[in-house]
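Hi there,

Here is the structure I promised to pass on to you.

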Amino acid sequence: MDAGAGTGRRRQDEVYRAGVYGRRPRVPTVHTALAEAARRRLTERALGYVAGGAGGEATVRADRAAFDRWQVVPRVLRDVSARDTSVELFGRRLPAPLLLGPVGALELVHREADLAVARAAAATGIPMVFSNQASVPMETTAAAMGDSPRWVQLYWSTSDELVESLLHRAEASGCEAVVVTLDTTMLGWRPRDLDLGHLPFALGKGIAQYTSDPVFRRLVTERAAAAGPRPPQPRPTLAAVRALVGMAKAWPGSLADNLRSPLPRAAVETFLAIYSRPSITWADLAWLRSRTSLPLVLKGVLHPDDARQALDAGVDGLVVSTHGGRQVDRSVGALDALPDVVEAVGDRVPVLLDSGVRSGADVLVATALGARACLLGRSYVYGLGLAGEAGVRQVVEDVVGEFDLTLGLTGHTAVDQLSPGVLRRA
């Protein structure tokens with residue numbers, strides 16, 4: 001995707017020219033219709049995992065309601081014929097203030113999972129944040145992206161040796177920043193998944209970063225060796241057999257061998273035992289800083305005091321996020337928290353916004369309130385579920401195109417012209 005001035009108009013032109021020949025966009029161009037189409041297409045488990053939130057999903061609604069409280073005030077009779085939607089993050093010039101946020105277990109949505117997202121990201125120049133809970137190892141995903149920008153998410157495991165291994169692999173894979181996710185030291189209360197009895201990781205889905213890691217594989221082997229013979233098991237159900245096959249497919253090697261091996265089941269058990277560490281504190285950041293030269297970006301910061309403490313700890317960036325409303329029910333909406341965090345940080349490190357972003361107009365509102373860029377989540381996942389790589393690419397191009405047009409139609413030609421003065425409270 002060109003970072004030049006005509007992104008939005010070029011996208012419109014593609015759509016309308018194709019329409020002359022009876023071809024419509026692969027996926028809907030507005031999030032509400034996109035989500036509805038995905039609801040009809042995805043399995044119940046996939047939809048529950050992607051669309052669901054914590055508790056009564058008040059935070060999911062709050063993330064959207066926060067955007068609805070702001071209105072853009074367009075200005076007219078300004079020359080907006082040439083526009084620049086690009087921004088700079090950690091020395092890299094990006095075509096727009098947008099990244100593809102980390103979403104785990106994408107194999108629930110599409111068989112090519114993270115690989116399809118990576119190819120779409122590379123085609124558009126928009127950075128992809130590799131999920132710690134990916135369905136494809138980061139090395140494979142990185143190889144599909146060439147020189148395109150990529151970051152990596154980190155969940156802090158109870159094994160520091162594993163954390164260090166993941167960091168070294170991220171560096172070797174060309175990742176340009178580490179997004180340390182702080183709001184998921186424990187899984188939130190997610191009724192959609194609970195009512196289905198469905199945790200993808202317990203079925204071997206979304207653990208490819210682990211099963212491809214030498215430290216994790218050693219831990220699995222040690223666990224299996226220490227377990228000894230398994231006691232007699234009850235007569236298996238069809239669901240149990242499917243689960244065992246899924247675990248066997250997740251472990252490297254042939255399916256036939258893995259079905260007879262204790263390692264696939266031990267891999268799931270090891271993952272569940274070490275997945276995340278609720279004991280981490282601010283004091284632990286110094287250890288993490290000493291283990292990598294990559295910029296450290298803390299994701300899940302909502303309180304200005306936490307933002308200030310993060311600066312004192314020497315972090316390189318922040319992401320204001322509610323984890324898409326999936327962790328704490330009745331949390332403050334991410335966009336509502338953004339202005340106070342931006343004020344606390346000033347210009348010392350970039351602040352990004354995640355959660356509730358659905359459109360190019362949303363991106364404009366967030367950047368006007370001080371976000372350097374936004375992370376997109378559910379929208380591109382729905383595109384993936386509907387049309388694979390092409391669906392992801394279209395969603396990204398639609399969001400960036402709308403951002404470009406909204407920038408110009410409100411009287412602006414560059415992202416740094418946006419400020420809270422562009423907006424008013426609804």
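Predicted model: local features only at pLDDT ≥ 70, side-chain atom pairs only at ≥ 80, totals over all residues.

Residues are numbered from 1 along each chain as its sequence is written, and side-chain values use heavy atoms, leaving out hydrogens and water.

The domain assignment (automatic or from a database) gives domain 1 (7-187 + 277-425) and domain 2 (201-206 + 213-227 + 236-274).

How much area do domain 1 and domain 2 bury between them? It is about 1100 Å², with 56% of it on carbon and sulfur atoms; buried area is the accessible area (1.4 Å probe) that two parts lose on being put together, summed over both. On the domain 1 side, Gln133, Glu161 and Leu162 lose the most area to domain 2, together 37% of what that side buries.

The rule finds 2 salt bridges across this interface, a salt bridge being a side-chain nitrogen of Lys or Arg within 4 Å of a carboxyl oxygen of Asp or Glu. Elsewhere in my notes is the pair Arg169 and Asp213, a salt bridge whose closest N and O atoms are 3.1 Å apart.

Finally, look at Leu47: the C-alpha atoms of Leu47 and Leu108 are separated by 8.7 Å, although the two are 61 residues apart along the chain.

Enjoy exploring!
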